[in-house]
Structures are given as structure tokens and as C-alpha cells.
Amino acid sequence: MKETGCVYLVGAGCGSADLITVRGLRLLQSCGAVVYDALIDPALLEEAPLAERYPAGKRSGSHSMPQEEISALLVRLAREGKTVVRLKGGDPFVFGRGGEEILALQEAGIPFEEVPGISSAVAIPAEAGIPVTHRELSRSFHVITGRTAAGGELLPESLQALAALQGTLVFLMGLGGLERIAAGLIAAGKSPQTPAAVVSGGNSPSPANLRGTLETIAEQARAAAVQAPAVIVVGETAALHLESGISRPLRGVSVGLTGTPAFAAKLADSLRPLGARTFPLLTARIQPLPLEFDLSRLGDGAGRWIVLTSANGVSCFFDLLNREKIDLRSLKGCKFAVIGQATGEALARYGVFADLCPGCATGEDLAAALCAAVRPPETALLFRAAGSSPALGKALEGSRIPVEEHSLYETVYVPCEPQEQPDYLTFASAGSVRAYFRAFGAPPESCTCVCIGPVTAAALQERTPAPFLTAPDISAASIASAILHHKTSAFFRRKRGHEL
């Protein structure tokens, strides 16, 4: 009989992936299945790359899975012997239905544990610069739901008692009933001039930060077309503006990512400190291929240049050497050429420093550098991805250099369910351009595409006449820089987008 697994209800916090607790992250990294809500940072799912994934997100007016089905799914997965992480936005026990799920687990005899997270009741106002408590202004705060199990937004119970409180009132899931809540509090004795705010942030697709009074806030939210989810704050602290002093010029900007999880993580790390929200649209998986070349030949003393054109190629090459038990010392007669700085840095992590790295990371520049550096009877061995751009091979055609080309791996692209329509769409390779168009068609007109280099840009230009941006260097940081310049400079907004 299969041993029963267990379920961990983990709060992911509100906002970027690094707001999860250390314990929650460790559980996620070791779980066999993850059942996740809609508003979590998608980067968290990449921490559990081998886990089964079950989306169970709930948003106002759009429930992808009824609560009863979620509870049944948790029980089923645990009975299959899996360690399950139920990943929830905010905190599982603050209007997160964690209690309902635990009751179902208890009834089924499934072991469980709750791991707290930062609740949206505190985190979302804080992100907008509103503390829920502040000495001399608010000595308490009270969290109230604007939605009940019976369904629909209803006026909270005991409005008169709430109106009499001196602390901060925080309403969750109440945007649809904002006008009734505000009017009810005023009718119950709260001053119409009481500061009020409607804020939305974290991973919300529609960030908002409105300030007003009980008398005006409903009309302000209606005029601004604020969308759920949003947090309503009522009380003196709602008038405070204690936003971060760190400049976040991309605050409110959403960026769709394509590429490998490692590259997407690098790009996200460059964009999030600037305030941008990131989410994957197309995930690239690296699939090693059988190699026809006999790697033991690398140590036969013949002069060879090993040419690597990506960080993925570097890792695949050394993984293959390890599997074939090829001693690195046998490569002492070989020289290494890389296409650019990022590939050179990947090579250096294996303790090998490139003998050749052109100033510009293009196939043409690498070919020119090889033609100048390779001396007869040396040969060049190109190890790269299947379906790579033919630019390097074509540039070496007709040269005096004997060239052998071998495919180390292929890239398999897996479309992700779009969380929202991005403001910017990044492409990390020509392959990602082709895969995106196969999966989704042309990008939305309101979205600005950003290419990592000229080869990727050429692939995009073949498929759309729309303006786009090309990063000045082939790196994640350079893509982030291109987005920043485009967003903050009218000059770049007018560019059709080839060179920045």
C-alpha cells in the first residue's frame, strides 16, 4: 500500500517571488506537486521545475477551479504519496480559505502544515506607502471581507461598530461594494472627510494607488476604472505617502519573458528592482542530443578550436564531457572561442578562459575573429544548438579553416498561460520568436517587442512590420536597459527599433 503524502499550505506573500519565507521556498523546491493561485509570482513555479503543476487560481468573476475541487485535488495528490505545496497568495489564513482546505485534509486523514505568508491586508497598503498602524494616528487595524461564502459583495456586519473604531479599516475583496461600504460607514457616523484609499499592487494585472476621502473614493475608483483585486483602506493613515525612496521607473510596467528559466530569472532580476512585473510566456527547455563526434579525439594532440555560441552550449558541452568521463586535462591542446561576453562568463565558471571573444557578439564577428586567429593545420569544431542561425557557418564558408559543426542540444519551447497582456515582450533568440508566433500569433499592437540581438531582430522583422527594440548587447541586463530607456525617453518611443 502506498504511503500517504502530506500537504503544505504555503503563503507566497504579495509581490515578487523573494517575498516568500525561506521555509516556504524550501518546501516548494522539494515538493512533488504544486497547486497554485492566480496572483503568485510565476518565478516561484520555476523553483519546482520537476513538480506537477495544477493551476487553481481565483480572481473576481473568474474561478478556474471551485473550492470543493481544490480540496479534493489536495486529498487525491496526497493519497498518491506526493508531497504537495498548496501555494497561496498572501497568507493562507487571512481570507485565503486555508481553514476550509485544512478541514478537508483533517477529514481525509491527510497530514498537513500551514506556512504563513505576508498578507495582502498589510503588504499591499505598505507597497503604496500606507502603514496600517502609525503612532498617534492608528493604534489598531481591522481586516474585513467584502465578500462572503454566500457570494457577492455584501455590507459588512456591525457597520456602526466599525465606524466607531479609531484604528485603520482594511477591506479585502470589497471593490464591487465600495460605494455601499463608503456610504454605509458615513451613515453609521464616520466623517465623510475620513481619508480613504484604494490600492492594488503585488502581482495584480492592474496596479492602482488612489487617495481620497470616504465621500469621494468610490467616484475616484469608478473614474479610474480600478479593477479587482484591490484593497480598500479607511482611516487617518490612508492619507500618508510613505512610498519607497528607491527610484522604480518601471513601476506598473509588465514584461512577458521568453527563454530558458535561467535566462528569464536573470532578466527578471534586472527588471524587478526597477519596479517591473515579469511573467513567463514561453519557457525554453534544453534537450541534449546524441553527439556523433568522438570526444576522446579532443585529446589526440591535433590543434583544435572549440567554438561555443551560447551559455547553454557551454553547460551541455561540459555535461557531456562529464558523462563520457573525459578528463579536462586532455583538452590542453585545444583552444576555446566564444561568441560573446555572456558565453565567456559561462565558460569561465568551469575554470576555462576563452582564447578568443570578439567585441561584438554576432556570428559574423566571431567568424572574422576565427579567420584571423586560426592557423593551419588547426581546425574549428562548432558545438551549438540544432537549428542555430546559419550566419556563423555561412561566414566561414570558403575560408581556409576546416570546420566541423555538431549539434549539442535542441531547444523545446513550452507556451505558458498568459497572466495578462504585457507592455513589453522580450525575445532571447530567433527560436523563441518562431515559437511565439506558432503558439500565439502576432504580438498585441499595444505591446513593444524587445530582441536580444540582430539575429533575433531579423527573425522578428520577417514576421511583423511593427516597431520593436533591439538591445545594444547580447545580455539580460542589456534587454532591461533597452526597456528602461524606451519607457523613460520620448526619443526611444519614436524609434522603429533596430539599434538603441
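## Helix 2 against helix 3

Helix 2 and helix 3 make a right-handed crossing. A crossing is right-handed if the near helix is turned clockwise from the far one by less than a right angle, and left-handed if anticlockwise. On the helix 2 side, the contact (heavy atoms within 4.5 Å) is made by Gln67, Ile70, Ser71, Leu74, Val75 and Arg79. Helix 3 contributes Glu100, Glu101, Ala104, Leu105 and Ala108. By class, this contact has six nonpolar, two polar and three charged residues. Nonpolar covers Ala, Val, Leu, Ile, Met, Phe, Trp, Tyr, Cys and Pro; charged covers Asp, Glu, Lys and Arg; the others, Gly among them, are polar.

Axes are lines fitted to C-alpha atoms, for helices over the stretch in contact, with angles from 0 to 180 degrees between N-to-C directions. Angles under 35 degrees count as roughly parallel, over 145 as roughly antiparallel, 65 to 115 as roughly perpendicular, and the rest as oblique.

## Model and overall build

The model is predicted: local features need pLDDT of at least 70, side-chain atom pairs count only at pLDDT 80 or more, and totals for chains, interfaces and linings use all residues. Residues are numbered from 1 along each chain as its sequence is written, and side-chain values use heavy atoms, with hydrogens and water left out.

The protein has 16 helices and 21 strands. These are DSSP runs, numbered from the N terminus: helices are H or I, at least four residues, and strands are E, at least two. The C-alpha trace spans about 90 × 65 × 40 Å along its principal axes. Of the 500 residues, 49% count as buried (under 20% relative accessible area; exposed is over 50%, partly exposed in between; 1.4 Å probe, protein chains only). Among contacts between residues at least 6 apart in sequence, 68% join residues at least 24 apart.

## Helix 9 against helix 10

Helix 9 (residues 311–323) and helix 10 (residues 341–348) have axes that come within 8 Å and cross at roughly 25°. They are therefore roughly parallel. The crossing is right-handed.

Ala311, Val314 and Phe318 of helix 9 meet Thr343, Ala346 and Leu347 of helix 10. This contact has five nonpolar residues, one polar and no charged.

## Ser432

Ser432 lies in helix 13 (residues 430–440). Its relative accessible area is 0%, so Ser432 is buried. Beyond neighbours within four places in sequence, Ser432 is in contact with Thr258, Leu282, Tyr413 and Phe427.
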